[in-house]
Amino acid sequence: MNRSEINKIAGKELGEEPDSVEEIVGGVMNETVRLNYGEESYILQINEKTGAHDMRNCLNCFRFFEDSNVPVPQTVIEEVREYDSSHYIIVEDLKTDSLNRGITPENTRAAGRYLAYIHGSQSFDRAGWWEWEDRKPKVIGFPDDSLKGRIEDKLKDNLEYFREEDINWLVEVSERFLDDYLDLVPDDFEPVFVHHDYNPGNILLEDGEIIGILDFDYAHSSHGQRDLVKAANNFWIRGKVDREHIYEGYRKVRELDESFNQNEPLYRLETLIDILKGFIQHDQMTVEEAQGYESHISEIEEELEESI
C-alpha cells in the first residue's frame with residue numbers, strides 16, 4: 001500500500017496524518033507499518049492478500065487477553081476496517097524488538113511459560129476453528145471434526161507442493177508420515193486455546209522481559225501438546241536452542257502428562273515438515289538449506305519406530 005493511502009487511513013482513524021511512516025518487517029501475509037506522531041506512535045497492520053477473517057480473529061484474541069497475564073497490545077480501533085480491497089487494524093506500538101534478536105535459553109523458558117498461560121486460558125469440547133460471539137470464541141470445528149483429519153489434509157497439501165517443486169526427500173517423508181504415523185495422532189485430548197504460530201518473531205522483548213505476544217491470526221481450539229512442540233521447533237530452527245528449554249518453562253505453569261513423551265516425537269516430525277514447507281514457500285529458506293534437516297528427520301523417525 002502506498003504512502004498516500006496509508007495517510008488517508010491514519011487520518012480517518014486517528015484524526016490527522018502521521019509525521020512519518022516506517023515499514024516494519026513482519027509476516028508474509030500482512031504489511032505492518034509504524035505511524036509516528038511526535039513522541040507517540042501506533043501500529044497499522046494491512047492485509048491485501050486474504051479476507052478479513054484471520055485479522056478479525058487476531059483482533060478478537062487481543063481483546064480476549066486484555067487484563068490477563070498474557071501480554072498483548074491494546075487495540076486502537078474496535079473492528080477490522082476495509083480500505084479499497086484491503087483490510088486493516090490499528091493497535092498500540094509497544095516500541096521494542098521481537099525475540100528474534102535475543103533468543104536465549106532463559107528467554108525461551110519464559111516464552112514457554114507464556115504459552116502455558118495461553119493454553120490455560122480456556123478449554124473446549126472439541127478441536128477446530130472458531131467464530132467469535134460476545135468476545136468469546138465458539139468452536140465450529142474442523143471440516144471432518146478431528147485434529148487427525150486436519151493434519152492429514154495439511155500433509156496432503158504439503159505433499160502436493162513438494163511434488164510440484166521436486167523436493168523428493170520431503171515427498172518421501174510426507175508419504176511415510178501419512179502411511180505409517182498418521183494413526184498415532186491422538187483423538188482423546190482436551191482441546192485448549194492454541195496460538196498456532198508461536199515463534200520468536202511474534203514475541204516482543206524489553207529489558208529481558210516478554211511484554212507482547214502478537215499474530216493470533218490462526219488461533220483456534222486444538223491439542224496444546226502439538227502447539228507446544230511446534231513452538232519448540234520454531235525456537236530450535238530460529239535460535240538453535242534446545243527444545244527442552246521451552247518445555248521446562250511450560251512445565252513451570254502447566255503440567256504435561258505422560259502422553260507427552262509419546263506424542264512429542266510425532267508432533268515434532270509433523271510440525272517440522274510443515275515449518276520447512278512454509279520457509280521454502282515464502283523464500284525464508286532455500287531447498288538446499290532445508291535439506292540440512294534431513295538427518296534430523298531421520299532421527300525422529302527412528303524414535304517413532306522404536307515407540308511403535
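This is a predicted model: local features need pLDDT of at least 70, side-chain atom pairs count only at pLDDT 80 or more; totals for chains, interfaces and linings use all residues.
Helix α8 spans residues 259-281, and helix α10 spans residues 294-307. The two pack with their axes 9 Å apart, at an angle of about 155 degrees. Angles over 145 degrees count as roughly antiparallel, and α8 and α10 are therefore roughly antiparallel to each other. The crossing of α8 past α10 is left-handed. On the α8 side, the contact is made by P265, L266, R268, L269, L272 and L276. On the α10 side, H296, I297, I300, E301, E303 and L304 take part. Sorted by class, the residues in this contact are 8 nonpolar, 1 polar and 3 charged.

**The cysteines**

How many disulfides does a search of the whole structure find? The search finds 0. A disulfide is a covalent bond between the sulfur atoms of two cysteines. To count as one here, a pair of cysteine sulfur atoms has to lie within 2.5 Å. For C58, the closest cysteine sulfur is that of C61, at 6.6 Å, which is too far for a bond. Seen from C61, the closest cysteine sulfur is in C58, again at 6.6 Å and too far for a bond.

Both residues are listed below with their accessibility.

| Residue | Closest cysteine sulfur | Relative accessible area |
|---|---|---|
| C58 | C61, 6.6 Å | 1% |
| C61 | C58, 6.6 Å | 0% |

Are these cysteines buried or exposed? C58 is buried, because its relative accessible area of 1% is under the 20% limit. C61 counts as buried too, at 0%.

Methods
Residues are numbered from 1 along each chain as its sequence is written. Side-chain values use heavy atoms; hydrogens and water are left out. Axes are lines fitted to C-alpha atoms, for helices over the stretch in contact, and angles run from 0 to 180 degrees between N-to-C directions. Helices (H or I, at least four residues) and strands (E, at least two) are DSSP runs, numbered from the N terminus. Angles under 35 degrees count as roughly parallel, over 145 as roughly antiparallel, 65 to 115 as roughly perpendicular and the rest as oblique. A crossing is left-handed if the near helix is turned anticlockwise from the far one by less than a right angle, and right-handed if clockwise. Contact means heavy atoms within 4.5 Å. Ala, Val, Leu, Ile, Met, Phe, Trp, Tyr, Cys and Pro count as nonpolar, Asp, Glu, Lys and Arg as charged, and the others, Gly among them, as polar. Buried means under 20% relative accessible area, exposed over 50%, partly exposed in between (1.4 Å probe, protein chains only).
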